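Reader: Hi! Could you walk me through the salt bridges and pockets here?
Author: Happy to; let's have the structure up first.

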Amino acid sequence: MTRAIGIDVGGTKIAAGLVDTATGVVEARLERGTRPEREAAAVLGDCVAMAQRLAAGQPGVPIGVGVCELVDREGHTQSAQSIDWRETDVAGAFAAIGPAVVESDVRAAAVAEAQFGGGRGVDDLLFVIVRTGISCCLVLGGRAYAGAHGNAICFGAPPVEDAASGLALAAAGGRERAEDVLADRALDAVVESAAAALGAGLAWLVNALDPGMVVIGGGLGLVDRYRDLAVEAMRPMIFAHNSRDVAVAPAQLGADAGVIGAALAAVPR
């Protein structure tokens, strides 16, 4: 049995777990707020502290860090939407604990869902994560497609997340959180407009990639009402008739997808 630590660094929270990578079982889990307004070094310090707790008594345990930024094929962050680690040796910060790798959070979660979650048994899987931001990943034969530079995680021009993410929904509804907008039936038109934008983005992806299945995760993507509205908007915009009934399923691993996927990234395949 191979254990690894997976750390999922999102714009809202950091989740970390000790994972049995053979089964996907999270044996121990920690969570804390990201507070990305702090110095990037402070966020990294929290990640290291969580890894130290999880690695107690297991020297040399491999560590995978999934981050909500563009990450190139060599494991270097290339954007700073939430956390600016572009000039930081993230993997090196864990050297005293174990060998570490850095991966895009959506690629990590996509592989986890393909191996242990909603996409099991599907060769060509499109994974879309809808939360504070929105990103996507194509999984081919169990492996995440990264693109030439590692940038194949966002879609739309302008990005769909500008209209359909949790941040966008909260802003459009004049509320602090997307959950508050969803709970206010007076704002149904706002919700429907955002979901329609997401549906158009999903249709664009299905038209371009022709996946065998679409799995949607993330806090907002797992809200049945929002996801169903988006899928309803998506289907008429899919060009090929034999693709319009593409299976769409909610992610099954929930908040653990990123943790499990980050741990899988740390273990050579």
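**Salt bridges and pockets**

Author: Asp8, Asp105 and Arg131 are linked in a network of salt bridges. A salt bridge here is a side-chain nitrogen of Lys or Arg within 4 Å of a carboxyl oxygen of Asp or Glu. This is a predicted model, where local features need pLDDT of at least 70 and side-chain atom pairs count only at pLDDT 80 or more, while totals for chains, interfaces and linings use all residues. Residues are numbered from 1 along each chain as its sequence is written, and side-chain values use heavy atoms, with hydrogens and water left out.

Reader: How many salt bridges does a search of the whole structure find?
Author: The search finds 14.

Reader: Which residue does arginine 225 pair with?
Author: Arginine 225 forms a salt bridge with aspartate 188, with the closest N and O atoms 2.6 Å apart. Arginine 225 is in helix H7 (residues 224-234) and aspartate 188 in helix H6 (residues 188-209), so the pair ties together parts 37 residues apart in sequence. Helices (H or I, at least four residues) and strands (E, at least two) are DSSP runs, numbered from the N terminus.

Reader: And is aspartate 188 buried or exposed?
Author: Aspartate 188 is buried, with a relative accessible area of 17%, whereas arginine 225 is partly exposed at 26%. Buried means under 20% relative accessible area, exposed over 50%, and partly exposed in between (1.4 Å probe, protein chains only).

Reader: Switching to pockets: how much space lies in the largest pocket?
Author: About 1,300 Å³. Of its 48 lining residues, the closest to the centre are Gly11, Thr12, Arg131, Thr132 and Gly133. On a 1 Å grid over the protein atoms alone, a pocket is an open set of points where a 1.4 Å probe fits, with protein on both sides within 12 Å along at least five of seven lines; lining residues have an atom within 4 Å of a point. Points are joined across faces, edges and corners, and the volume is the space filled by probe spheres set on them.

Reader: What classes of residue are in that lining?
Author: The lining of the largest pocket has 21 nonpolar, 16 polar and 11 charged residues. Ala, Val, Leu, Ile, Met, Phe, Trp, Tyr, Cys and Pro count as nonpolar, Asp, Glu, Lys and Arg as charged, and the others, Gly among them, as polar.

Reader: What about the second largest pocket, how much space is there?
Author: About 620 Å³. Among its 21 lining residues, Glu103, Arg143, Leu264, Ala265 and Arg269 are the closest to the centre.
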